[in-house]
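Subject: Structure handover

Hello,

Here is the structure for you to look through. Please open it first, then read the notes below.

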Amino acid sequence: FKQPINDFYDLEETRIFFHMKFAYACALYEVGYMRRSQAQFQDILSLNPTDKFGVRYYLYAGFLYFEEFEKFKQLFGRYPKQDTFTLYANFLYYYKKQLLQESKSLLKPMQEYNRYLYEIMSYEQMNNAMITKKFAPGSNEEAAYCYAILQKVTNTLEYLPNFLAKFKYGL
């Protein structure tokens, strides 16, 4: 290659490759091949640092799943924009590290960013929204998208719904 590696997604000829690689990585993630999917997502991010696909969200979830907290923080530092997903992922980071005061400090903002996701994670509501890539911030569809990715992490946290419910009802 004569062109430096910067963001290959910007080249028209590579977009099909990225879409196929992303679909493959997502399929691996969905069926539980977490390590394999992480490698694919990391490849995509290295070739596409602007992250047009949102693979950092899958990487956040994978790092939390495997408790690779240092990798989580490094990636979190590269993409400082706070949105619903990163807020919830950061909450799960603190929760898994048993830093409960830090995790509690994020509960109110979590409810403000997307109350639907909070209700799904605390088992107050069923996740019945259709998962779409385009959604409005704070919507039920955004909650479904975020939960579909974070579910692999939250399923391993047996007491998370109780923790969320206690905060909400002031117990």
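First, a term: helices (H or I, at least four residues) and strands (E, at least two) are DSSP runs, numbered from the N terminus. Next, the ground rules. This is a predicted model, in which local features need pLDDT of at least 70 and side-chain atom pairs count only at pLDDT 80 or more, while totals for chains, interfaces and linings use all residues. Residues are numbered from 1 along each chain as its sequence is written, and side-chain values use heavy atoms, with hydrogens and water left out.

**Overall fold**

The chain has 10 helices and 0 strands. Its radius of gyration is 17 Å, close to the 16 Å of the globule rule for 171 residues, so the chain is as compact as a globular protein of that length. (That radius is taken over C-alpha atoms, and the rule is 2.2 Å times the number of residues to the power 0.38.) The C-alpha trace spans about 60 × 35 × 30 Å along its principal axes.

Of the 171 residues, 48% count as buried. Buried means under 20% relative accessible area, exposed means over 50%, and partly exposed lies in between (1.4 Å probe, protein chains only). Now take contacts (heavy atoms within 4.5 Å). Among those with a separation of 6 or more, 59% come from residues 24 or more positions apart.

**Salt bridges**

A salt bridge is a side-chain nitrogen of Lys or Arg within 4 Å of a carboxyl oxygen of Asp or Glu. The whole structure holds 6 of them. Here are some to find.

- Glu67 and Lys96 pair at 3.7 Å, N to O. Glu67 sits in the loop between helix H3 (55-65) and helix H4 (69-78) and Lys96 in helix H5, so the pair ties together parts 29 residues apart in sequence. Glu67 is partly exposed at 47%. Lys96 is buried at 13%.
- Glu112 and Lys108 pair with their closest N and O atoms 3.7 Å apart. Both lie in helix H7 (residues 107-113), 4 residues apart, about one turn of the helix.
- Arg115 and Glu119 pair at 3.2 Å, N to O. Both belong to helix H8 (residues 115-121), again 4 residues apart, about one turn. Arg115 is partly exposed at 42%, but Glu119 is buried at 13%.

**Pocket and cavity**

Both terms rest on a 1 Å grid over the protein atoms alone. A cavity is a set of points where a 1.4 Å probe fits but cannot get out. A pocket is an open set with protein on both sides within 12 Å along at least five of seven lines. Lining residues have an atom within 4 Å of a point. Points are joined across faces, edges and corners, and a volume is the space filled by probe spheres set on them.

The largest pocket has a volume of about 170 Å³. Its lining includes Tyr57, Lys81, Phe85 and Glu142. Which helix gives the most to this lining? H9 does, with 3 residues. By class, the lining has 7 nonpolar, 1 polar and 3 charged residues. Ala, Val, Leu, Ile, Met, Phe, Trp, Tyr, Cys and Pro count as nonpolar, Asp, Glu, Lys and Arg as charged, and the others, Gly among them, as polar.

The search finds 1 cavity of 30 Å³ or more. The largest cavity has a volume of about 40 Å³. Met121, Tyr123, Tyr147, Thr154, Leu157, Leu160 and Pro161 line it. H9 and helix H10 (160-168) each give two or more of its lining residues. That lining is 6 nonpolar, 1 polar and no charged.

Best wishes
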